[in-house]
Amino acid sequence: MLVRFWGTRGSLPVAQRATAIEDKIAAALVKASGRSFADVAGAKAFVQNELSFAEGRSYGGATTCLEIEGGDESFIICDMGSGLRELGIDAFRRVAGGRKPLYNFFMSHLHWDHIMGFPFFGPAFDPNATIIIHSGHADAEQALRRQQEEISFPVSFDWLRAKIEFRTLTPGETYRVDGIDIELMPQDHSHVSYAWKFTRDGTMVFSTDAEHRLEDEPDKVAFEGFFAGADMVIADTMYSLAESITMKADWGHSSNVMAVNLCHGAGVKTLVLFHHEPASSDLEIERMFDETLRYEALNRGGRQALDIVCSYDGLELEI
Amino acid sequence: MMWGISTSGGVVIGQPTGLIDEASREPFLAGLRDGVAQAVTKGSDFVVDLAKVDHIGAAGLMALTVARKEALTQGIRIALARPGPIVREILDISRYHMIFDILDDPNVARA
């Protein structure tokens, strides 16, 4: 399987302001220290090899949307955040190249930042497309229809031309969808969210918008069980541990520290930091990433090293 | 982990020693609760002196979180003191310096 990250930001789409780009370019020029580059490729090599990720690039600002390559024929998509718009554009390109216009969605939950991309998902207007929306929530259709009511959006859900079907799945069951075994598990979040586990020649868990409390032993046992032996866990690391237990307690999100603890306990191979705080700059996200690497090393004990990746819009990871 | 407790200058000081991990979570939490209770009785602050702690894991952070909550509920202040470099780093990564005062001297609980 291959996971493609189309949106990694939490809660609200964000964009770089003019001064943020200006600051990055100015800092890069200072770091280049008068060097000249023969061509764009040479300059890119400098950016990629000599600047940190946050100095030379950006984690991006689109909200939650992932694509999993590895089904028999369909597009497999987790959540409909604002990153879905670009996925839709790219899907048209691939469908024009012969790919079947069949889309299997798996929804963590129905909050605004996880569904806002659907009205901008081009394939929903394609009469040849089939869209199957899998959710643990029985009210998924209501949520999608409501955001396209006239008070909120000019194009009604009923104007979409694709064949759209809703399927409500049950935790504890294993489903086979397009050649991939799929399980879901409820998480602590307002109106409930669901973690999804995808297994085919490897296991990937997508677990966003989940609050894990330090003192909640049953939650720890349950999630270490659900994550057990996974090749990759994509986890909500929106807050610091202190934030998650004080002013942002009960907001339904978790921390980098809790993600490492759970992945250590579950014997996970790779943890992907996800659902970045919208107020965080690229440098702040990079700092959180570095600190997470350090925390993992300090707390590893006799375990095998946990590989940690900080997700960004456009990242692709093989499982 | 070993746990000691004393009173100095009107401040209750808990002093854990060694490794605070999953295995020592319960005794550490029990020590913290005792410290909170003594501070409540004496109407004083409670300081956890971390100078002799080699490492603090998730279980130790959890115990501090519980103790902080209970101290706040009972109207006393809980502070941490003298963490070594590794423990300090873990507290910084967790941003616990934003929710606990971290003192250089456990006998000086009030800034």
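By class, 6 nonpolar, 4 polar and 1 charged residues form the lining of the largest cavity (Ala, Val, Leu, Ile, Met, Phe, Trp, Tyr, Cys and Pro count as nonpolar, Asp, Glu, Lys and Arg as charged, and the others, Gly among them, as polar). This is a predicted model, in which local features need pLDDT of at least 70 and side-chain atom pairs count only at pLDDT 80 or more, while totals for chains, interfaces and linings use all residues. Residues are numbered from 1 along each chain as its sequence is written, chains are lettered from A in the order in which they are written, and side-chain values use heavy atoms, without hydrogens and water.

**View 1. The largest cavity has a volume of about 70 Å³.** The structure holds 1 cavity of 30 Å³ or more (a set of points on a 1 Å grid over the protein atoms alone where a 1.4 Å probe fits but cannot get out; lining residues have an atom within 4 Å of a point; the volume is the space filled by probe spheres set on the points, joined across faces, edges and corners).

**View 2. α9(A) gives the most to the lining of the largest cavity, with 3 residues.** Among the lining residues are H212(A), F227(A), D236(A) and M258(A).

**View 3. C78(A) is buried, at 0% relative accessibility.** Buried means under 20% relative accessible area, with a 1.4 Å probe and protein chains only. The closest cysteine sulfur, in C65(A), lies 8.4 Å from that of C78(A), too far for a bond; a disulfide is a pair of cysteine sulfur atoms within 2.5 Å.

**View 4. C263(A) is buried, at 1% relative accessibility.**

Methods: Buried < 20%, exposed > 50% of the residue type's maximum accessible area, 1.4 Å probe, protein only. 1 Å grid on protein atoms, 1.4 Å probe; cavity = no way out; pocket = protein on both sides within 12 Å on 5 of 7 lines; lining within 4 Å. Helix = DSSP H or I, 4+ residues; strand = E, 2+ residues; numbered from the N terminus.
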